[in-house]
Amino acid sequence: SSDLLVYLEDLPVNAVEIAPDIVARIARRPSDDSLVTRAIPEIISLVHSADVTVIVPEVGTAEQAEWWRNAGADAAWGTYFGLAHVGLPPAEPRST
């Protein structure tokens with residue numbers, strides 16, 4: 001009902017974490033043209049429009065980190081980063 005939407009809008013949320021099963025699905029088939037794969041960047045954009053940070057758990061490879069960075073995620077954690085990491089690695093190496 002519309003009362004539920006009003007309630008959700010008033011929740012003090014500043015970050016959301018992608019469900020691990022979605023992360024695992026993308027890890028198995030990153031180039032898949034499924035609805036889920038195509039919708040994720042749009043969903044992340046919608047979340048950003050509410051000024052909410054998107055976090056991706058259980059990232060295990062550089063390729064996965066790049067996929068999520070390209071999709072618009074703000075932060076990730078997983079074995080690729082060690083125990084935890086704030087933010088995704090830069091898209092290009094930084095010069096010193």
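A salt bridge here is a side-chain nitrogen of Lys or Arg within 4 Å of a carboxyl oxygen of Asp or Glu. By this rule the count is two salt bridges. The model is predicted: local features need pLDDT of at least 70, side-chain atom pairs count only at pLDDT 80 or more, and totals for chains, interfaces and linings use all residues. Residues are numbered from 1 along each chain as its sequence is written, and side-chain values use heavy atoms, with hydrogens and water left out.

**Salt bridges**

| Pair | N to O distance |
|---|---|
| Arg29 and Asp32 | 3.3 Å |
| Asp33 and Arg38 | 4.0 Å |

Asp33 counts as exposed, at 56%. Arg38 is partly exposed, at 45%.

**Fold**

Helices (H or I, at least four residues) and strands (E, at least two) are DSSP runs, numbered from the N terminus. The chain has four helices and three strands. Their order from the N terminus is α-β-α-α-β-α-β. Contact means heavy atoms within 4.5 Å. Of the contacts with a separation of 6 or more, 41% join residues 24 or more positions apart.

**Helix packing**

Helix H2 (residues 20-28) packs on helix H3 (residues 35-49) at about 120 degrees, and their axes lie 11 Å apart. Axes are lines fitted to C-alpha atoms, for helices over the stretch in contact; angles run from 0 to 180 degrees between N-to-C directions. H2 brings Ile22, Arg25 and Ile26 to the contact, and H3 brings Val36, Thr37 and Ile40. Four of these residues are nonpolar, one is polar and one is charged. Nonpolar covers Ala, Val, Leu, Ile, Met, Phe, Trp, Tyr, Cys and Pro; Asp, Glu, Lys and Arg are charged; the others, Gly among them, are polar.

**Core**

Of the 96 residues, 27% are buried. A nonpolar core is a set of buried Ala, Val, Leu, Ile, Met, Phe, Trp, Tyr and Cys residues joined through side-chain atoms within 4.5 Å. The largest one has 17 residues, and Ile40, Val56, Val59 and Trp68 touch the most other members. H2, H3, strand E2 (53-56) and helix H4 (62-71) each supply at least two residues. H4 gives the most, with four. Leaving out residues up to four places away in sequence, Val56 touches Ile18, Val23, Trp68, Ala73, Ala75, Ala76 and Trp77.

Note on methods: Buried means under 20% relative accessible area, exposed over 50%, partly exposed in between (1.4 Å probe, protein chains only).
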